[in-house]
Amino acid sequence: MTTGSTATVFGTEQIGRARYAVAAVFTVHGAVTGSFATRVPWIQDHASVGAGQLGLALAFPAIGASLAMPLASRVSHRFGSRAALRGLLALWTLALILPSLAPNLLTLCAALFVYGASAGMSDVAMNALGVEVENRLDRSIMSGLHGMWSVGALLGSAAGTVAAHLGADARLHHAAAALVLTALGLAACQRVLDLRSEPDEEPPPRFTLPPKSALVIGAVGFCAVFAEGASLDWSAVYLKDVLGGSAGVAAASTTAFALTMAVARIAGDKVVDRFGAVLTVRVGGVLATLGGLLVVLAPNAPLALCGFGLLGLGVAVVVPLAFAAAGRAGDNPSRAIAGVATITYTSGLVAPSAIGSLAEATSLLVSFGLVTVLAFGLVLGAGVLRAGDRTVTGGGARTAPEKSRAES
C-alpha cells in the first residue's frame, strides 16, 4: 500500500515491536564481532601467520566493508527493507564461520574480506531501519540501538572467552555460534518495518561517492571512531609501557573504556531527547578532551585509567547520532548512511596503525596528544549534526524523505 504519510502506514504497536526487533538485530550483529575477536589467536595459529601478516589480514574486513556498503541501498531498493535485512544479516552471521577455516594467509585475507563486506552491508541496512523507526517514534533511539550492539559484542566475547578457556576448536565454536545467531537474527527480522520503493523509482547506483552532507557528518564520526580505536587498541600498552602500570591495571583499561561506552549509549537517548544532538555531542567532546588531557598529563596509571573512561564516555553517542543525522540529511537515507559508515570504518582501520606509526616516530604520549586534538574536534564540529537534532523543529522530529515508502 502506497501512502503519502508514513504515520498512516504503521500503527503505534507495530512501530513499538519494530523498535525491539531492530534492537535485537543490533545485538546479534554485535555478538558476531565479539565471537570473532576472542578467537583471533586461534585463527592466527591455524593459518600459521605471524604478527605482521595477521595485521595485514585484519585490514581486509574494513576494506571489504568500505567497498560493499554502497550496495546495501540497492539491495533494499530491490527486495524491500525487511527481506534485505534478513538476507544481509544471515550472510553476516554465517560469514563468522569462514576465518576459522582459512589454512593460510591468502585464504584468511579472502575470508576476512567477505566477512567485512557482509558486516558493512548489514550494518547500513540495520542503521537505515533504525533511523526509520526513530522518525516514527519521534524520539531518539539510535544511541540505545548502538548500546545494544555493544551488549551483543560483550556477550559474544564472553562466550568466546569461555570457549577459548575450554580449548574448543574455533571451527566448531564459530559454526555453532553462527547457526544460533542466524536463527535469532531471522526471528528478529520478522518484526522490523517492511519499507518498499515506488515501482517507478530509479534504483540507486551500485557505486557512488557519498553525498556532501555525509562527508561533513562523517568527519565528526571519524574523530570519534579514531579516538575509540586508539583507546581500545593502545590503552593497555600506554598504561604498561608509559606509566609502568601492572598487567592487571593495563588490561582493565580496555574493559573500562568498553563498559563506559556501552552504558553511555544505552542511557544516551534520554540525554539526546532532553538536550538535542548538537549539545550532547559538544558536551561529549568536552568530556573526551578532558579525558585525553588526563591520559597525557597523568603521573600514574590509575589517573590515566580514569582518563580512558572519560574518553569512552565522551565519544560513545557520536556515531549513533552521526547515522541519525545522515539519515535525515538528504533524499536517500541509505546512501548517506553508507557514506558515513564508510568514513567511520576507514577511521577504525587507520587509527591503530596511525597511533603505532606516530609512536614509533615520536612517542606514545604524542600519539594520545593527537587523540586529544581529535576529541576537541567534536566540540568544534558538533553543529553539523543539527540535521539529527530534534530541538531544531520545536520538539518535533524531522522525518526521512517519504516518497517511495510503502507498506508491503
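Figure 1. Met 126 has a relative accessible area of 2%, so it counts as buried (under 20%, with over 50% being exposed and anything in between partly exposed, using a 1.4 Å probe on protein chains only). Who touches Met 126? Skipping neighbours within four places in sequence, the contacts are Val 22, Val 25, Phe 26, His 29, Leu 85 and Trp 149, where contact means heavy atoms within 4.5 Å.

A word on the model: it is predicted, so local features need pLDDT of at least 70 and side-chain atom pairs pLDDT 80 or more, while totals for chains, interfaces and linings use all residues. Residues are numbered from 1 along each chain as its sequence is written, and side-chain values use heavy atoms, leaving out hydrogens and water.

**Figure 2. Trp 92 meets Tyr 115.** The whole structure holds six aromatic pairs; rings of Phe, Tyr and Trp (its six-membered ring) pair if their centres lie within 6.5 Å, and planes under 30 degrees apart are stacked, over 60 edge-to-face, the rest tilted. Here the ring centres of Trp 92 and Tyr 115 sit 4.7 Å apart with planes at 50°, so this pair is tilted. Trp 92 belongs to helix α6 (residues 81-95) and Tyr 115 to helix α8, so the pair ties together parts 23 residues apart in sequence. Both Trp 92 and Tyr 115 are buried. Ring pairs also bring in Phe 36, making a cluster with Trp 92 and Tyr 115.

**Figure 3. Phe 308 and Phe 368, an edge-to-face pair.** Their rings are 5.4 Å centre to centre, with 80° between the planes. Phe 308 is in helix α14 (residues 301-315) and Phe 368 in helix α17, so the pair links parts 60 residues apart in sequence. Phe 308 is buried at 0% relative accessible area, and Phe 368 is buried at 1%.

**Figure 4. Helix α17, residues 364-381.** This helix has 18 residues and reaches 26 Å from first C-alpha to last, close to the 26 Å expected at 1.5 Å a residue (1.5 Å times one less than the number of residues). Its buried residues include Leu 364, Val 371 and Leu 378.

Note on methods
Helices (H or I, at least four residues) and strands (E, at least two) are DSSP runs, numbered from the N terminus.
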